[in-house]
Amino acid sequence: MSRIGKAPIEIPAGVTVTVKGDEVTVKGPKGELSQKINPDLTVNVEDGHVTLTRPSDDREHRAQHGLYRALIHNMVVGVSQGYRKEMELVGVGYRATSEGQVLELALGFSHAIFIKLPKEIKVEAKTERNKNPLIILESDDKQLLGQVCAKIRSLRKPEPYKGKGIKFVGEVIRRKSGKSAGAK
């Protein structure tokens, strides 16, 4: 039995979970999310908990049991608390500004990069003196937030020699020593 799949999901106050056919909808103070699930799995919502059961111990059913439980749990956490990612721009002259849903990045290229973000994501760019610029992204959808962060990070990945690039706050970049000229 999947350890993740058989764990019940606790529904916090202010969050409602509804199941219609093979679609699970979660509503909360931060928003509303829905997810289609495999029709073979059954979703039960009773006395403040959501549980998933699978019809058999087939390999596919076992894999999807844990997957859909995790997706529903992420939706419940998203609509109740939300998700937040902080990214840091490391490099001389790297800048970030946000205006509405448009993020403008200066990453050492010959031109600025403009990224139009989905309406589900709130963006804020902070620049403090003698500190690296920060991009703060918030959303109730964990998958969408991770996808947008990966897209932003792919514009200038951190390189191993000087550590320049876009990285998550708290991320450790493995550094290389570079040339050791004259060392014999």
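Reply: In this predicted model, residues 11–82 are 31% helix and 38% strand. The end C-alpha atoms of that span lie 14 Å apart. Residues 90–167 are 17% helix and 37% strand. There the end C-alpha atoms are 8 Å apart. Both spans come from the UniProt record, an unreviewed entry, which annotates them as "domain: Large ribosomal subunit protein uL6 alpha-beta".

Now the pocket. The largest pocket has a volume of about 170 Å³. Its lining includes Gln81, Gly82, Tyr83 and Arg84. Lys119, Glu120, Ile121 and Lys122 also line the pocket. So do Glu138, Ser139 and Asp140, along with Lys30. Strand E7, residues 83–90, supplies at least two lining residues. Strand E12 also supplies at least two. By class, the lining has 7 charged, 3 polar and 2 nonpolar residues.

Next, the contacts. The whole structure holds 7 salt bridges. Three residues, Arg84, Glu86 and Glu138, are linked in a salt-bridge network. Arg84 and Glu138 are also among the residues that line the largest pocket.

Take the two bridges of arginine 84 in turn. With glutamate 86, the closest N and O atoms are 3.0 Å apart. With glutamate 138, the N to O distance is 2.8 Å. The arginine 84 and glutamate 138 pair links distant parts of the chain. Arginine 84 sits in strand E7 and glutamate 138 in strand E12, 54 residues apart.

How accessible are these side chains? Arginine 84 is partly exposed, with a relative accessible area of 46%. Glutamate 86 has a relative accessible area of 27% and is partly exposed. Glutamate 138 is partly exposed too, at 28%.

One further bridge involves strand E7. The side chains of glutamate 88 and lysine 167 meet in a salt bridge, 3.5 Å from N to O. Lysine 167 lies in strand E13 (residues 165–168) and glutamate 88 in strand E7, so this pair ties together parts that are 79 residues apart in sequence. Lysine 167 and glutamate 88 are both buried. Each therefore falls under the cut-off of 20% relative accessible area.

Two backbone details elsewhere deserve a check. Most residues other than glycine have a negative phi. Aspartate 47 has a positive phi of about 35° although it is not a glycine. The residue sits in the loop between strand E5 (42–46) and strand E6 (49–53). Aspartate 47 is exposed, with a relative accessible area of 72%. Asparagine 130 is not a glycine either, yet its phi is positive, about 65°. Its place is the loop between strand E11 (122–126) and strand E12 (134–139). Asparagine 130 counts as exposed, at 77% relative accessibility.

Strands E7 and E12 each give at least two residues to its lining. The arginine 84 and glutamate 138 bridge joins strand E7 to strand E12.

Conventions:
Residues numbered from 1 in each chain as written. Predicted model: local features only at pLDDT ≥ 70, side-chain atom pairs only at ≥ 80, totals over all residues. Heavy atoms only, no water. Helix = DSSP H or I, 4+ residues; strand = E, 2+ residues; numbered from the N terminus. Buried < 20%, exposed > 50% of the residue type's maximum accessible area, 1.4 Å probe, protein only. UniProt positions renumbered as here; feature names shortened; annotations may be inferred. 1 Å grid on protein atoms, 1.4 Å probe; cavity = no way out; pocket = protein on both sides within 12 Å on 5 of 7 lines; lining within 4 Å. Points joined across faces, edges and corners; volume = space filled by probe spheres on them. Nonpolar A, V, L, I, M, F, W, Y, C, P; charged D, E, K, R; others polar. Salt bridge = Lys/Arg side-chain N within 4 Å of Asp/Glu carboxyl O.
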